[in-house]
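These are my notebook entries on a single chain, taken topic by topic. I begin with the terms and then turn to the sheet.

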Amino acid sequence: MVKHYEFFVMTQDEYYTEYIGDKVKELVADSGVRNGIVSVVTAHTNCAITVTEPLDCILSDLDVLLHRLVNDDDEYSHAHFLPTYGRTSANAYGHLRSILVGNNTVLSLVNGKMTMGEAQEIVFMEFDGPQSRKIFVDIIGET
């Protein structure tokens, strides 16, 4: 069986994080799938999905690290007129941070529960907000 879901996260700032594990757990329960996999993917190229310990200090440290690795004010090739958009792009740093963190996570599903450690949480990360962001959740397996 395959169940596909979509939901939105409304980000509040240029750099924004939100724990989305509870929402994904609700969808797993709704799906009726007992054993298989859960895929969580963002539909955007300047935000990310990751799994980490749900401590705000870790997310703050990650923010500092990503800003050190990808400076907002560096000169990027992406910062030029894009005919497909009809404007100049100024969000190269968001794309690069997204590439570093990744846009998805896949977790095993056993007996109707995601296999995660006690200190793990699914985190959505915004790098070019505030915006409305779509998240896809696919639950694949047997009932």
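Predicted model: local features only at pLDDT ≥ 70, side-chain atom pairs only at ≥ 80, totals over all residues.

I count two strands as paired if DSSP finds at least two bridges between them. Helices (H or I, at least four residues) and strands (E, at least two) are DSSP runs, numbered from the N terminus. Residues are numbered from 1 along each chain as its sequence is written, and side-chain values use heavy atoms, with hydrogens and water left out.

**Entry 1: sheet.** I looked up the strand order and found an open sheet of five strands, E1-E10-E3-E7-E8, with antiparallel pairing. Strands E1 (2–10) and E8 (113–114) are the edges, each pairing on one side only. Between strand E7 (residues 104–110) and E8 I found two bridges, in antiparallel arrangement. Leu 109 stands opposite Met 114 in E8. Helix H1 (residues 21–31) packs on the sheet and touches E1, strand E3 (35–42), E7, E8 and strand E10 (132–142). The direction of H1 makes about 155° with that of E1; axes are lines fitted to C-alpha atoms, for helices over the stretch in contact, and angles run from 0 to 180 degrees between N-to-C directions.

**Entry 2: backbone.** I noted that most residues other than glycine have a negative phi, and most peptide bonds are trans. Asn 111, in the loop between E7 and E8, has a positive phi near 55°. The peptide bond from Gly 129 to Pro 130 is cis, with omega near -5°. Pro 130 is in the loop between strand E9 (121–126) and E10.

**Entry 3: cores.** Here a nonpolar core is a set of buried Ala, Val, Leu, Ile, Met, Phe, Trp, Tyr and Cys residues joined through side-chain atoms within 4.5 Å. Buried means under 20% relative accessible area, exposed over 50%, partly exposed in between (1.4 Å probe, protein chains only). Which residues touch the most other members of the largest core? Of its 21 residues, they are Ile 20, Val 38, Val 40, Ile 135, Val 137 and Ile 139. Elements that give two or more residues to this core include E1, H1, E3 and E10. A second, separate core has seven residues, among them Tyr 15 and Leu 59.

**Entry 4: aromatic pair.** Rings of Phe, Tyr and Trp (its six-membered ring) pair if their centres lie within 6.5 Å; planes under 30 degrees apart count as stacked, over 60 as edge-to-face and the rest as tilted. I found one aromatic pair in the structure. Tyr 15 and Phe 127 form this tilted pair, at 6.0 Å centre to centre and 35° between the planes. Tyr 15 lies in the loop between E1 and strand E2 (16–19) and Phe 127 in the loop between E9 and E10, so the pair ties together parts 112 residues apart in sequence. Phe 127 is buried, at 1% relative accessibility.

**Entry 5: salt bridges.** I searched for a side-chain nitrogen of Lys or Arg within 4 Å of a carboxyl oxygen of Asp or Glu, and the structure holds three such salt bridges. Glu 6 in E1 and Lys 134 in E10 are 128 residues apart, and their side chains meet at 3.6 Å, N to O. Asp 72 and Arg 97 have their closest N and O atoms 2.5 Å apart; Asp 72 is partly exposed at 29%, whereas Arg 97 is buried at 2%. Arg 133 and Glu 126 form a salt bridge at 2.7 Å between the closest N and O atoms. Arg 133 is buried at 2%, and Glu 126 is buried at 0%.

Notes. Contact = heavy atoms within 4.5 Å.
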